[in-house]
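Morning, everyone. Please take a look at the structure on the screen.

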Amino acid sequence: MTALLTLAAAPTLVQAQSCDGPLPPPGPDGRVAGHFPYADAPPGELLPAPPGFALGKPCYVRREMLADLERLLAAARGDPAVMGQLRGLSCHRAAMRQGHVFCRERDDSAAERALSVAPPGHSEHATGYAIDFAVRPSPNCPDAEACMAATPAARWLFANGPRFGFEMSFPAGNQQRVKWEPWHWRWVGTSASAPWAAQARAIFAKARAQFPANPRVRDPFKVTVASQPPIPAPPPVPVKQKGRRR
């Protein structure tokens, strides 16, 4: 099992390219332009997201996270405070497609693009565990940070996402030097012992250790008492000795 998780956490590196040529070499922690390396999920481990979830292109996710995603969407639909639907704007993206996304805005330099879009081979979307959520119907503003974060559906996601094993990868003010993305969430399981959560957590281990998500999934705190400690006996009450009358 340890060897399996090690292989899962060690992606096959893809030479990070931009439309302007090669990006800077990886730093000591493996990051390129702020982004950790991630391998493509094996196609056989991807399944379509629940019907009606995807916006535009088909949405494929890891089979392990599908049940938690379905539970999250059902809970959101059942809460009248959500006032909208959580939909999938982007799910799994292979490295080749990520390259097209990275090079879409040709007016910006590679370093500027990397603030908001990971270079190919360095996107959490490649793992199949990441989703960009959107709110529909649209709140009459573009899918931008402050606009999306202010919607009741997004506020519900911030409060409830971790209950279903999802955490926001790039919170506001993160030290990873990646733009705040309130729509970008990764699945790591509801607890370390949840089915397949160990594999997802191994893949995101460096990112979670160095740049914690907010909100993030926290393992339940358990207190185990092996035996009842003895109850201390109260100290004896001193008896005042009366002096003998002479």
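Where is the place of Asp108? Asp108 sits in the loop between helix 3 (95–102) and helix 4 (110–114). Helices here are DSSP runs of H or I, at least four residues, and strands are runs of E, at least two, numbered from the N terminus.

A word on the source. This is a predicted model, where local features need pLDDT of at least 70, side-chain atom pairs count only at pLDDT 80 or more, and totals for chains, interfaces and linings use all residues. Residues are numbered from 1 along each chain as its sequence is written, and side-chain values use heavy atoms, leaving out hydrogens and water.

Now the whole chain. The protein chain has eight helices and eight strands. Of its 246 residues, 45% count as buried. Buried means under 20% relative accessible area, exposed over 50%, partly exposed in between, with a 1.4 Å probe and protein chains only.

Back to Asp108. Asp108 is partly exposed, at 35% relative accessible area.

Next, salt bridges: a side-chain nitrogen of Lys or Arg within 4 Å of a carboxyl oxygen of Asp or Glu. The whole structure holds nine. Take Glu167 and Arg186, with closest N and O atoms 3.0 Å apart. Glu167 lies in strand 7 (residues 166–168) and Arg186 in strand 8 (residues 184–187), 19 residues apart. Both Glu167 and Arg186 are buried.

Another pair is Asp219 with Arg201, at 3.2 Å, N to O. Asp219 is in the segment after helix 8 (205–210), and Arg201 is in helix 7 (residues 197–203). Asp219 is partly exposed at 41%, whereas Arg201 is buried at 12%.
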